[in-house]
Amino acid sequence: MVEEERGGTVLDVAVESVGGRSLIALSGEVDVYSAYKLRDTIKDLVEEGHYHIVVDLEKVAFLDSTGLGVLVGGLKRVRNHGGELGIICSQEKILRVFRITGLTKVFPIYASREEMHAKAEEA
């Protein structure tokens, strides 16, 4: 069913491999109607053996509690395999949600793809 038919929003999801990590680039809104796309993408990657995942939220206009829950669920999935789920985001309105919920302490958060690459090379 198309999101608009359910009264929801559009979320585009693209996956690429970058430096040994799976990068999920999102564009649109992550809410109760669209978050399943992110959940399914993370679930598929983990089932395929990809445990180091980064979600790029730079083009996300809105993230609600359902989307946040999907990210936390994804984090649990990858940690069960010794992996990591990072976030790329420099948008203050999205980062504020992570700070308010205390999730800045559990997710590695990068301001840009370049920062993610730099920190990966340091490790």
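## Asp 31 and its surroundings

Let's begin with a polar contact: a polar atom of the Asp 31 side chain lies 3.0 Å from the backbone nitrogen of Tyr 33. Keep in mind as you look that this is a predicted model.

Where does Asp 31 sit? You will find Asp 31 in the loop that runs between β2 (21–30) and α1 (35–47). Is Asp 31 buried or exposed? Its relative accessibility is 8%, and because buried means under 20%, Asp 31 counts as buried. Setting aside neighbours within four places in sequence, you can look for the residues in contact with Asp 31: Thr 9, Phe 62, Asp 64 and Thr 66.

## The sheet

Now follow β2 into the sheet. Five strands make up an open sheet with mixed pairing, and their order is β1-β2-β3-β4-β5. At the edges stand β1 (11–18) and β5 (109–110); each has a single partner strand, so one side of each is left without a neighbour in the sheet.

Strand β3 covers residues 52–63, and β2 pairs with β3 in the parallel sense over eight bridges. To see the two strands side by side, find Leu 23, which stands opposite Val 54 in β3.

## Helices across the strands

Helix α1 lies across β1, β2, β3 and β4 (84–88), and α1 runs at about 170° to β2.

Helix α3, made of residues 92–100, lies across β3, β4 and β5. The angle at which α3 runs to β3 is about 120°.

Note on methods
Residues are numbered from 1 along each chain as its sequence is written. This is a predicted model: local features need pLDDT of at least 70, side-chain atom pairs count only at pLDDT 80 or more; totals for chains, interfaces and linings use all residues. Side-chain values use heavy atoms; hydrogens and water are left out. Helices (H or I, at least four residues) and strands (E, at least two) are DSSP runs, numbered from the N terminus. Buried means under 20% relative accessible area, exposed over 50%, partly exposed in between (1.4 Å probe, protein chains only). A polar contact is a pair of N or O atoms within 3.5 Å; within protein, one must be able to donate a hydrogen and the other to accept it, and residues adjacent in sequence count only if both atoms are side-chain atoms. Contact means heavy atoms within 4.5 Å. Two strands pair if DSSP finds at least two bridges between them. Axes are lines fitted to C-alpha atoms, for helices over the stretch in contact, and angles run from 0 to 180 degrees between N-to-C directions.
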